[in-house]
Amino acid sequence: MIGVGFESGSDKVLNDLKKGATRDINLRAAKIIKDAGVFVSGSFMLGTPTETEKDVELTVSLVKEMSPDFTSISFFTPIPGNDLYT
């Protein structure tokens, strides 16, 4: 099993989080892992400061399309020193 912090299905949120990935890259990565016969454990995050309802819908649709073997959903928690801490 490989655990991946995909975080969001929204390219805008991924950019805000400075993930260096896009929705398409994440979908391709999950497919490569699955095609290799390895389980995918996907971590996703909701509640970032810039996130909109549409961004949440994009994340939900990504999870459905990607269909990871295991899914973890967490909520954004600002930590002092982080760029998104306000």
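**Notebook: helices, sheet, cores and salt bridges**

I began with helix 2, which lies across strand 1 and strand 2 and runs at about 165° to strand 1. For such angles, axes are lines fitted to C-alpha atoms (for helices over the stretch in contact), and values run from 0 to 180 degrees between N-to-C directions. Helices (H or I, at least four residues) and strands (E, at least two) are DSSP runs numbered from the N terminus.

I note that this is a predicted model, in which local features need pLDDT of at least 70 and side-chain atom pairs count only at pLDDT 80 or more, while totals for chains, interfaces and linings use all residues. Residues are numbered from 1 along each chain as its sequence is written, and side-chain values use heavy atoms, with hydrogens and water left out.

I looked up the strand order and found an open sheet of 3 strands, 1-2-3, with parallel pairing. Strand 1 (2-7) and strand 3 (70-75) are at the edges with a single partner strand each, so one side of each has no neighbour in the sheet. Pairing requires that DSSP finds at least two bridges between two strands; strand 1 and strand 2 have 5 bridges. I also recorded Val40 in strand 2 as the bridge partner of Ile2. Helix 3 lies across strand 1, strand 2 and strand 3, at about 170° to strand 2.

**Cores.** I define a nonpolar core as buried Ala, Val, Leu, Ile, Met, Phe, Trp, Tyr and Cys residues joined through side-chain atoms within 4.5 Å. Buried means under 20% relative accessible area, exposed over 50%, and partly exposed in between (1.4 Å probe, protein chains only). The largest core has 9 residues, among them Phe6, Leu27, Phe44 and Leu62. Helix 2 (23-35), strand 2 (40-46) and helix 3 (53-66) each supply at least two residues of this core. A second, separate core of 5 residues includes Val13, Leu17, Met45 and Leu84.

**Salt bridges.** I searched the whole structure and found 5 salt bridges, each a side-chain nitrogen of Lys or Arg within 4 Å of a carboxyl oxygen of Asp or Glu. In the pair of Lys19 and Glu7, the closest N and O atoms are 3.7 Å apart. Lys19 is partly exposed at 34% relative accessibility, whereas Glu7 is buried at 17%. For Asp83 and Lys18, the closest N and O atoms are 2.6 Å apart. This pair links the segment after strand 3 to the loop between helix 1 and helix 2, 65 residues apart.

Terms used: Contact = heavy atoms within 4.5 Å.
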